[in-house]
Amino acid sequence: SSVIKMINYDKVLEDLGEFGMWQKITLLLLWFPCMMAGAMVLIGSFTLLQPSEYRCKMEDCDVEEFRFEDFEKHWTLGELFPCSGNSSSHCSGGDEYCVFLKPIVLNGKCSANLTDEKVFCNSESEFAYKQFEMQKTVISEFNMVCDKTSELCRPIAE
């Protein structure tokens, strides 16, 4: 014959004790790694923010300390950057400012005319960034745009 035994949970809690100092310390020590992991994920939202508009230095046209807006005295954004707002076979969504049309240089100065030759920015290029939400991020500090965007994945893969 089976006997059904009723358990009094209040009595069990009295015997074990309530949520005391030991449980509080253990909980705090277990929450600490979770909080740090969450902070590490969240910090990437700020440090890895990519500027929305950037460009590389145009040889023979830009001065040493060039800025993103310097081209605007000769060309519009759409004239200089053929991939801007355009998706064709040689343009992908993230590369719209990595390709520009080469300006015609006359007597060592840039003219307002552009050739049909496309110039591709690479990791060796110097970059200027349009002012954005942050002064600097990891992306803008180390010029991780154009062909260097894969560098972001390297530490994770290694």
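Which residue forms a disulfide with Cys 56, and how many Å apart are their sulfur atoms?

A: Cys 56 forms a disulfide with Cys 121, and their sulfur atoms are 1.9 Å apart. A disulfide here is a pair of cysteine sulfur atoms within 2.5 Å. The model is predicted, so local features need pLDDT of at least 70 and side-chain atom pairs count only at pLDDT 80 or more, while totals for chains, interfaces and linings use all residues. Residues are numbered from 1 along each chain as its sequence is written, and side-chain values use heavy atoms, with hydrogens and water left out.

The link of Cys 56 and Cys 121 is left-handed, with -65 degrees about the S-S bond. Cys 56 lies in strand β1 (residues 54-56), and Cys 121 is in the loop between β3 (109-120) and β4 (127-129), so the pair ties together parts that are 65 residues apart in sequence. Helices (H or I, at least four residues) and strands (E, at least two) are DSSP runs, numbered from the N terminus. Cys 56 counts as buried at 3% relative accessibility, and Cys 121 counts as buried at 7%. Buried means under 20% relative accessible area, exposed means over 50%, and partly exposed lies in between (1.4 Å probe, protein chains only).

By the distance rule, the count comes to three disulfides. Another of them joins Cys 61 to Cys 110, with an S to S distance of 1.4 Å. Cys 61 lies in the loop between β1 and α3 (77-80) and Cys 110 in strand β3, so this pair ties together parts that are 49 residues apart in sequence. Cys 61 counts as partly exposed, at 23% relative accessibility, whereas Cys 110 counts as buried, at 17%.

There is also a disulfide from Cys 98 to Cys 146, with S to S 1.9 Å. This link of Cys 98 and Cys 146 is left-handed, with -100 degrees about the S-S bond. Cys 98 is in the loop between α3 and β2 (99-106), and Cys 146 is in the loop between α4 (138-141) and α5 (154-157), so the pair ties together parts that are 48 residues apart in sequence. Cys 98 is buried at 3% relative accessibility, and Cys 146 is buried at 9%.

Cys 34 is exposed, with a relative accessible area of 55%.
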